[in-house]
Amino acid sequence: MRASSVVLLPHAPSSVAVARRRLSSELAASGIYESVVDDASVIVSELISNALRHARPLPSGQVKVCWLCRGDVLELEVSDGGAMTEPRRGPGTLSSLGGRGLGIVEALSEGWGVRHEEGATTVWAVVRAPRSPGGEDAAPVRTPVGVPDLSDFPDLMDEPEDDLYDRTRNEVAPSRAYPA
């Protein structure tokens with residue numbers, strides 16, 4: 001089963017809660033584990049909040065929120081009308097009132113990035129989203145909190161590939177990925 005949606009929402013704070021509720025209900029109905037649904041909801045909230053705070057709306061006056069679940073991968077996207085600055089992770093110090101949003105996205109996702117298209121800037125994140133063993137008809141089972149067995153993540157200890165890092169600092173790329 002593929003869970004996917006494209007939602008156009010007003011460029012307003014109320015859109016954060018609307019997107020969270022819809023995303024959560026659709027992912028839960030498709031059998032995604034509750035902990036993954038929670039993480040995806042936080043990611044979408046952070047991305048929409050950043051779009052509202054730092055960017056212009058799309059030409060329609062809205063923000064676009066998309067999600068697509070293919071197999072065990074969930075892709076989340078928020079598109080806005082762009083800003084004068086590139087979305088980037090801030091320092092997020094203990095005393096700062098903001099600046100932690102993309103750090104949270106980075107911590108909860110497998111990676112995130114920015115894509116520029118005609119009239120829009122899209123910030124995306126990718127999350128591993130396994131479904132409960134019983135499939136979409138079974139209720140998702142909450143996994144117990146504890147220390148994960150790192151052997152379940154064989155690529156976790158891999159060295160980063162050199163081609164992931166762009167050595168030029170001032171060049172603007174059409175899409176940039178930020179592995180978590």
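Before the helices, one definition: a helix axis here is a line fitted to the C-alpha atoms over the stretch in contact, and the angle between two axes runs from 0 to 180 degrees between N-to-C directions. With that in hand, the axes of α1 and α2 come within 9 Å and cross at roughly 155°. Angles over 145 degrees count as roughly antiparallel, and α1 and α2 are therefore roughly antiparallel to each other. Please keep in mind throughout that this is a predicted model.

Let me step back to the whole chain. The protein has three helices and six strands. Going along the sequence, the order is β-α-α-β-β-α-β-β-β. The chain has 180 residues, and 34% of them are buried. If we take contacts between residues at least 6 apart in sequence, 69% of these join residues at least 24 apart.

The crossing of α1 and α2 is right-handed. On the α1 side, the contact is made by S15, V16, A19, R20, L23, S24, L27 and A28. On the α2 side, the residues are V37, A40, S41, V42, V44, S45, I48, S49 and L52.

S15 sits in α1. Is S15 buried or exposed? Its relative accessibility is 1%, so S15 counts as buried. Apart from neighbours within four places in sequence, S15 contacts L9, P10 and I48. S15 and S45 are 30 residues apart along the chain, and their C-alpha atoms are separated by 9.1 Å.

Next is S41, in helix α2. S41 has a relative accessible area of 3% and is therefore buried. Which residues does S41 touch, if those up to four places away in sequence are not counted? They are R20, L23 and S24. For S41 and R20, the separation is 21 residues in sequence and 5.3 Å in space, C-alpha to C-alpha.

E34 is also a residue of α2. At 38% relative accessibility, E34 counts as partly exposed. The C-alpha atoms of E34 and S24 are 8.8 Å apart, and these two residues are ten apart in sequence.

The axes of α2 and α3 come within 9 Å, with a crossing angle of roughly 150°. So α2 and α3 are again roughly antiparallel to each other. What is the handedness of the crossing of α2 and α3? It is left-handed. From α2, the residues in contact are D39, V42, I43, E46, L47 and N50. From α3, they are G101, L102, I104, V105 and L108.

N50 is in helix α2, and beyond its neighbours within four places in sequence, N50 is in contact with A55 and L102. N50 and V123 are 73 residues apart along the chain, with 9.6 Å between their C-alpha atoms.

Let us look at α3 by itself. This helix covers residues 101–108, and its buried residues are G101, L102, V105 and E106. Why do these buried residues line one face of α3? Viewed down the helix axis, they fall within an arc of 140°, so they line one face.

Last, the core. In soluble globular proteins, nonpolar side chains tend to be buried together. In this model, the largest nonpolar core has 32 residues. The residues with the most contacts inside this core are L27, I48, W67, L74 and L76. Which elements each supply at least two residues of this core? They are the helices α1 (14–29), α2 (34–54) and α3, along with the strands β1 (3–10), β2 (62–70), β3 (73–80), β4 (111–117) and β5 (120–128). Helix α2 gives the most, with nine residues.

To tie the parts together: α2 is roughly antiparallel to α1, and α2 is roughly antiparallel to α3. The α1 and α2 crossing is right-handed, while the α2 and α3 crossing is left-handed. V42 of α2 takes part in the contact with α1 and in the contact with α3.

Conventions. Residues numbered from 1 in each chain as written. Predicted model: local features only at pLDDT ≥ 70, side-chain atom pairs only at ≥ 80, totals over all residues. Heavy atoms only, no water. Buried < 20%, exposed > 50% of the residue type's maximum accessible area, 1.4 Å probe, protein only. Helix = DSSP H or I, 4+ residues; strand = E, 2+ residues; numbered from the N terminus. Arc of directions from axis to C-beta. Core = buried A, V, L, I, M, F, W, Y, C linked by side-chain atoms within 4.5 Å. Parallel < 35°, antiparallel > 145°, perpendicular 65-115°, else oblique. Left-handed = near helix turned anticlockwise from the far one by under 90°. Contact = heavy atoms within 4.5 Å.
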